[in-house]
Amino acid sequence: MENEQQVEQQHLDKTITIIEKQIDMKSESCKRMATSPSEEQLLKQDYKTLDSLQKIRPNPYFGRLDFQDEWGQETVYIGKCGVAENDHLIIVDWRTDIGKLYNSYQGVKKDFLIGTDGKQSIEITRKRALVIQDDRIIKYTDVGKTEVVETETGEKVKMMDAYLEEILHETENELQLRDIISSIQEEQDEIIRLPLNNTIVVQGAAGSGKSSIALHRISYLLYQYQNELDRGNVLILAPNEMFLSYFRNLVPELDINGIEQRTFYDWASTYFTDVRSIPDLHQNYVEIYADQKKEERILISKYKGSLQFKKLLDKFVEEIGRKLLPYGDIHFSDQHMLTKESIVEFYESRSHMPFNDRFKEVKQYIQHWSKQEENAHERKVEEEFEEVYEKWIRPLPEGEDRKQIYTYLEQAKKIRLELFREQVKKTNDEYGRKMKSVSALRMYKSVFQKRIFNLWAPDMDEKLLGLLLENGKKIAKEQFSYEDIAPLIYLDAKINGKSLQYDHIVIDEAQDYSPFQLAIMQDYAKSTTILGDVAQGIFSHYGLDNWDEFQNYAEEKHPVQRINLQTSYRSTKEIMDIANRVLINNSYPYPLVIPVNRQGSHPTFEKVTHFGELCDRINESLDRILASGHQTIAILSKDAESATDLYHQLKQKGRKELELVMDPSHELQQRVIIIPSYLVKGLEFDAVIMEDVSDKVFEDQTHHAKMLYMSITRAHHELVLYYRGELSPLLTYRDPAEPPPPRPTFADWLITDYRDPSVLPQVESQREVKDPDAILLFEEEEEQLMTEYFDGDRNRVQDFYAWREIWKKWASEQGTQTVLNTLQ
Ligand SMILES: Nc1ncnc2c1ncn2[C@@H]1O[C@H](COP(=O)(O)OP(=O)(O)OP(=O)(O)O)[C@@H](O)[C@H]1O
């Protein structure tokens, strides 16, 4: 062992000597002055190389790979950047194919095919992780097996090797995301290295590494596609400023400086300076859920975020366009006529252009035609004049009469020309006025009219229609909501053209985007990487319920590759078991999350009777957690008010290190924070304390389940759950193989909302269950029926299918008779 360490140390010493020598040489060479543009380019390149050499100097590499190929046994060292000495690579960049091999090897499969044709076989004999500190190899670990296994109880767990386990255990005490270059897992690496051109959609469990993948993928793409991708044309969209500051450290580490990093809200303000006066997604969420007309606002919000609304806007704009075209032929005389058909044809041929440009072209087309006609008319009048003159005037004898007639004739010619010119001018002025530039705002304000919805959304539910018309009054007064931003941007781009175009856009936490929003972002980029988790869609009053609607749309333009990530790396197995419990109780429609086999303490459920007791107990928990060595702690509250109350109480108790976070643009300073749950998405902490997980706060509702699941999965090591009264039904233990908790009979369920029995039946007549064939309730025809019945309410349809999946599983185990008994 010692010998091995010595060998590694000698290799490190040698590598450091080479790097230092290169640093000295490059520093010298960077002192020169550039005397020409090409020299300047070379100098820039030298600065870049010097910068990377200096960056990797303290930690030249993190891994070693030994393999056997047709040339024999080889050893390479993998680092964040490649370094060559005399044409020989002494450190291989993690983004190369060899780097891929390093990540692909998880101790299970040993033989790989590589090379451009994928035919060269290679056998990996060792993958070694190396930890370097102060120029010493402080540790080396030969990486063992990491694989998903199924336990005896049918549960799936990812068994880790010691190296990954140690990395996951040692969460740093900074509130920052760290790079995972040295321990990227195979399924993550595959996403990072997907080709540039397609639209990638990643549905990944909480803690599966989506944010990490997003940033590592940019680093990879910039490295691999140096000629196609300009870092100034890459945009990363994150949910809030707090989140952006959260991965700020990582940007230089991954060599992705210069990438535009923004929130959608901030990005949208490039278009409309007034965006800042519209409540952002978090404010919008708070407002909606505090509103007595919450359900109605959600209906409006969902519709405005849908692709149906986008289609309606398309039709509306197209129709307005047609209305602005001349009603009929432009007719100066029978010889000078421009038919309506030719104008429409011209207009149609410019359909790829922005609306206003298109009309500019139509106007120019009419003007150009009129000018030509005017010239032709002038020529004709001149010819006629000449003819008359030759025929009738020239033969007349010289004298006053001849002069007089000539003058009349000339006047007549002038009048004819003048009349024609006036007619042309009038026509041009008229169309000029009519085909003026239209603003997106004006267009949007005009959409909310009954006849427009009747025309292009004839099947719209009366209630929704009424709500939209009512909402139109607000729009007319420019009182916009968050969900108006995307349609306004879309209309602006449609009307005035896009002022921005990206090579690549990465969208993290994409479940909080509506299908409409994702669709427009896709239009702004040549390619996109979209990552999210529907189970964490706490803003589902606006965002996605599933990926299908967007995927179907996106596939019309580019191939879409959808990938599921099921393994979660953030939390201990005990914490993920509780998170999975929430999913099971809420009939989650996707496979459960696979935890890693990292053991930790069991989450605690602690009942308190009043607020004073809660504060005391939280205070004790903080003492205990801090004493155990954990550093970052989040106390999650149900809303801003509770967060403030708790904060003041704990401050009174002498807690100094506390920080109250109430705003998504907040930059975290302290390591112990109090924050409303809806702001904590994407972040992670050593320990999470939830102030109230009672049935009053987390009811058996999809929205509540998403909030609870997201909150729980913020914790690395510890989870403490307080509640007053009864524990949330979402947290009670239920065997995943069991049928869902008691509901009315299945047939009852079909006609009522199982979450709220007071909701009126949706299906007029209950279907009778007559014979064993009744199980055909699940057949295609029935599915169609359900989709129709729940149309317009995607949550309901989705819940239905989720519930049905679990029910089906249970039904198949129970046998037909038991099932029928339940149905009756
Ligand atoms: N391969 C890996 N090696 C080491 N750590 C990892 C790996 N993958 C993920 N992690 C860690 O797991 C945690 C979760 O990662 P990340 O925040 O990227 O996940 P996420 O899918 O975006 O999570 P969420 O959706 O819950 O916000 C982070 O601490 C990250 O460093």
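What percentage of the 824 residues of the chain count as buried? In this predicted model, the figure is 51%.

Start with the whole chain in cartoon view. It contains 29 helices and 25 strands. Among contacts with a separation of 6 or more, 72% join residues 24 or more positions apart. Switch to a surface: the chain exposes about 39200 Å², with carbon and sulfur atoms supplying 48% of that area.

Next, select Ile124. This residue sits in strand 6, which spans residues 120–133. Ile124 counts as buried because its relative accessibility is 1%, under the 20% cut-off. Beyond its neighbours within four places in sequence, Ile124 is in contact with Leu65, Asp66, Phe67, Leu101, Tyr105, Lys110 and Phe112.

Now select Gly204 through Ser211, which an unreviewed UniProt entry lists under "binding site". From this set, Ala206, Gly207, Ser208, Gly209, Lys210 and Ser211 belong to the lining of the largest cavity.

Within that stretch, pick Ala205, in the loop between strand 10 (199–204) and helix 6 (210–224). Ala205 is buried, at a relative accessible area of 5%. Leaving out residues up to four places away in sequence, Ala205 touches Lys210, Asp533, Gln536, Leu565, Gln566, Val593 and Tyr709.

Finish on Ser208, found in the loop between strand 10 and helix 6. Ser208 is buried, with a relative accessible area of 0%. Show its contacts beyond four places in sequence: Gln188, Ile213, Leu565, Thr567, Ser568 and Tyr569.

Technical notes. Residues numbered from 1 in each chain as written. Predicted model: local features only at pLDDT ≥ 70, side-chain atom pairs only at ≥ 80, totals over all residues. Heavy atoms only, no water. Helix = DSSP H or I, 4+ residues; strand = E, 2+ residues; numbered from the N terminus. Buried < 20%, exposed > 50% of the residue type's maximum accessible area, 1.4 Å probe, protein only. Contact = heavy atoms within 4.5 Å. Areas by Shrake-Rupley, 256 points an atom, 1.4 Å probe, with all protein chains shown as cover. UniProt positions renumbered as here; feature names shortened; annotations may be inferred. 1 Å grid on protein atoms, 1.4 Å probe; cavity = no way out; pocket = protein on both sides within 12 Å on 5 of 7 lines; lining within 4 Å.
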